[in-house]
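Here are my notes on this model, for you to read with the structure open. I hope they are of use.

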Amino acid sequence: MGKKFDWLKIVPPDGSFSYVGAVFVDRTGDNPNGRINRNDVNVRAGSLVNEMKTTVQTRLNAGDAVQILGKEDEYLKIKPPAGAYLYINQDYGDDRASSDTGGK
């Protein structure tokens with residue numbers, strides 16, 4: 001999707017997940033779908049390697065739908081929403097796509 005210095009901006013690959021605070025999601029029973037209940041809610045990158053939930057991928061607003069994959073502590077694991085990106089070092093990726101888009 002783009003390049004910034006030595007980092008490639010990518011769409012999260014299949015199997016990726018994000019985190020959102022559970023208090024910001026309204027859901028009914030065990031339904032795997034929910035809706036954000038306030039504006040400007042941070043969506044954080046999930047990782048099986050690093051348990052820290054510090055990297056904000058995007059923000060969601062009241063009424064935005066999320067697909068819930070599970071729960072961890074006070075967070076819900078969700079399918080990465082549209083507009084969520086990850087960054088990987090260019091040494092671990094192929095930046096031909098970003099070259100085609102002028103690195104945007």
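1. The side chain of Lys-53 reaches the backbone oxygen of Glu-51 at 3.4 Å, and a polar contact of 3.2 Å links it to the side chain of Glu-72. A polar contact here is a pair of N or O atoms within 3.5 Å; within protein, one must be able to donate a hydrogen and the other to accept it, and residues adjacent in sequence count only if both atoms are side-chain atoms.

2. Lys-53 sits in the loop between strand 6 (41-45) and strand 7. Is Lys-53 buried or exposed? Lys-53 is buried, with a relative accessible area of 14% (buried is under 20%, exposed over 50%, partly exposed in between, with a 1.4 Å probe and protein chains only).

3. Leaving aside neighbours within four places in sequence, Lys-53 contacts Tyr-19, Arg-44, Glu-72, Asp-73 and Tyr-75, where contact means heavy atoms within 4.5 Å.

4. This is a predicted model: local features need pLDDT of at least 70, side-chain atom pairs count only at pLDDT 80 or more, and totals for chains, interfaces and linings use all residues. Residues are numbered from 1 along each chain as its sequence is written, and side-chain values use heavy atoms, with hydrogens and water left out.

5. The mean pLDDT (the predictor's confidence in each residue, from 0 to 100) of the protein chain is 87, and 89% of its residues reach 70 or more. Please treat one stretch with care: over residues 97-104 the pLDDT is below 50.

Key. Helices (H or I, at least four residues) and strands (E, at least two) are DSSP runs, numbered from the N terminus.
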